[in-house]
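How many disulfides does the rule give?

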Amino acid sequence: ALIAQYGFGLAPCILCLYQRVPYALLLGAGLIGILLSKKGKTRAAAITVALGAALLLVGSAIAAYHVGVEQHWWRSFLEGCAVADISKGSAQDIL
């Protein structure tokens, strides 16, 4: 996603940005878990693992919703998140 955004200049929609949030939080939870496990607090480290699993489920739910919007299975309730019909318009219009 970051290569497409910065390397090819494709602007992400709001759902693309929302999909990144759980992974950023997962990174933070993972680092906290590592620090806790090194201090011998295994119970607290296990809780961060459970939190990480929950964050992955949230990320999966956002991704599934995003795929549904892109495949035109349903409309997004968010403004600015719509996928162009590729059969109409030029390549520049689609981008």
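Predicted model: local features only at pLDDT ≥ 70, side-chain atom pairs only at ≥ 80, totals over all residues.

The count comes to zero disulfides, where a disulfide is a pair of cysteine sulfur atoms within 2.5 Å. As background, such a link is a covalent bond between the sulfur atoms of two cysteines. Here the sulfur of Cys 13 has its closest cysteine sulfur in Cys 16, and at 3.6 Å that is too far for a bond.

Residues are numbered from 1 along each chain as its sequence is written, and side-chain values use heavy atoms, with hydrogens and water left out.

Are these two cysteines buried or exposed, or something in between? Buried means under 20% relative accessible area, exposed means over 50%, and partly exposed lies in between (1.4 Å probe, protein chains only). Cys 13 counts as buried because its relative accessibility is 19%, whereas Cys 16, at 25%, counts as partly exposed.

Now look at Leu 78, in the loop between helix H3 (42–70) and helix H4 (91–94); helices (H or I, at least four residues) and strands (E, at least two) are DSSP runs, numbered from the N terminus. Leu 78 is 65 residues from Cys 13 in sequence, yet the two C-alpha atoms are 9.9 Å apart in space. With a relative accessible area of 18%, Leu 78 is buried. Leaving aside residues up to four places away in sequence, Leu 78 touches Ile 14, Leu 15 and Tyr 18, a contact being heavy atoms within 4.5 Å.

Another leucine, Leu 10, sits in the loop between helix H1 (2–8) and helix H2 (14–38). Its relative accessibility of 38% makes Leu 10 partly exposed.

Stepping back, the protein has four helices and zero strands, so the order of elements from the N terminus reads α-α-α-α. Of its 95 residues, 19% are buried. Among contacts with a separation of 6 or more, 48% join residues 24 or more positions apart. The protein exposes about 7200 Å², and carbon and sulfur atoms supply 68% of that area, computed by the Shrake-Rupley method with a 1.4 Å probe; for residues, only the protein chains shown count as cover.
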